[in-house]
Amino acid sequence: MNNNGTLLHNHITIMTQNNFLRHGVISFMRDIHASDIHTDVKKIVFIDVCSLKFISDLGVILNNAYINGCSVILVCSGGEMSMVLGRLPHINAAQSLSSWEMKIRTLLCPNLIPYYLKEFNELLFLKKLGVIRLLIIFMISKGISFNGIAQTLSLPDKTLYRYIGGLVSYFNMKNSSFLFFFLKTRFPPSYFDSWLPEEYTEKKTHTQQ
């Protein structure tokens, strides 16, 4: 187990860098009646999505959990990722532990991981956005400012605002600030390169911030 995980009673794994959340989950799982909540469940993996370096890591973890027959419970310990995963069944760490038991019962579903993977893949399916939107995403992920993007793409401010507003809706963000944070911190730097023709990535990589 790496330093993001804690193995508890040989069947529960907690993947988080948040020590408060780790101890809270351990305390919660020790206090409840295991036989009542783990019926037909051999392994449970708690994943704090806010502790993942990149959101793409979640796809790898979900695939591994599915292969190994684990049940997965997503936990959001921070507001940013909770906004991203709001449409997926998850536990918000801001909620009291007393409300977790009933929530966990609904999350221990054998068909939940395939559902997670389907929704997750749709979230990351960028090709249908088109080249202009992909270029905007690419430059946001590189840390290029709004003015830099507008200048590079020769777009009027109003047009760029419209594009960004559409991306806010697509990624289910609260506002453009969340969108910029999400794209800059939750994806590998080279992730968006593979979605663009080579001539675009070569040209835009050298854009001034």
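The questions and answers below concern a predicted model.

User: How many helices and strands does the chain have, and what share of its residues count as buried?

Analyst: This is a predicted model. The chain has eleven helices and five strands. Of its 209 residues, the share that counts as buried is 47%.

User: Which residues touch the most other members of the largest nonpolar core?

Analyst: In soluble globular proteins, nonpolar side chains tend to be buried together. Here the largest nonpolar core has 67 residues. Val72 is in contact with Val45, Ile47, Leu62, Ala65, Leu107, Leu112, Ile113 and Tyr116, leaving aside neighbours within four places in sequence. The residues that touch the most other members are Phe46, Ile47, Val72, Ile73, Phe171, Leu179 and Leu183.

User: What covers the buried residues of α3?

Analyst: Helix α3 spans residues 56-67 and reaches 18 Å from its first C-alpha to its last, close to the 16 Å expected. The buried residues of α3 are Ser56, Leu58, Gly59, Ile61, Leu62 and Ala65. An α-helix has 3.6 residues a turn, so residues three or four places apart point the same way. The cover over the buried residues of α3 includes β2 (12-15), β3 (44-48), β4 (71-76) and α6 (112-124).

User: Which residue just after α3 takes a positive phi?

Analyst: Helix α3 has twelve residues, 56-67. The residue just after α3 with a positive phi, about 70°, is glycine 69.

User: How many aromatic pairs are there, and which parts of the chain does the pair of phenylalanine 28 and tryptophan 100 tie together?

Analyst: A search of the whole structure finds four aromatic pairs. In one of them, phenylalanine 28 and tryptophan 100 are edge-to-face, at 5.8 Å centre to centre with 65° between the planes. Phenylalanine 28 lies in α1 and tryptophan 100 in α5 (residues 100-107), so the pair ties together parts that are 72 residues apart in sequence: helix α1 and helix α5.

User: Are phenylalanine 28 and tryptophan 100 buried or exposed?

Analyst: Buried means under 20% relative accessible area. Phenylalanine 28 falls in that class, and tryptophan 100 does too: both are buried.

User: What is the geometry of the phenylalanine 171 and phenylalanine 182 pair, and which residues make up the cluster linked by ring pairs?

Analyst: The ring centres of phenylalanine 171 and phenylalanine 182 are 5.4 Å apart and the planes are at 65°, so the pair is edge-to-face. Phenylalanine 171 lies in the loop between α9 (157-170) and α10 (176-185), and phenylalanine 182 lies in helix α10, so parts eleven residues apart in sequence are tied together. Phenylalanine 171 and phenylalanine 182 are both buried. The cluster linked by ring pairs is Tyr170, Phe171 and Phe182.

User: Which residues form the salt bridge, and what is the N to O distance?

Analyst: The structure holds one salt bridge. Lysine 118 counts as partly exposed, at 46% relative accessibility, whereas glutamate 119 is buried, with a relative accessible area of 13%. The side chains of lysine 118 and glutamate 119 meet at an N to O distance of 3.9 Å.

Terms used. Residues numbered from 1 in each chain as written. Predicted model: local features only at pLDDT ≥ 70, side-chain atom pairs only at ≥ 80, totals over all residues. Heavy atoms only, no water. Salt bridge = Lys/Arg side-chain N within 4 Å of Asp/Glu carboxyl O. Buried < 20%, exposed > 50% of the residue type's maximum accessible area, 1.4 Å probe, protein only. Helix = DSSP H or I, 4+ residues; strand = E, 2+ residues; numbered from the N terminus. Core = buried A, V, L, I, M, F, W, Y, C linked by side-chain atoms within 4.5 Å. Contact = heavy atoms within 4.5 Å. Expected span 1.5 Å × (residues − 1). Phe/Tyr/Trp six-rings, centres within 6.5 Å; stacked < 30°, edge-to-face > 60°.
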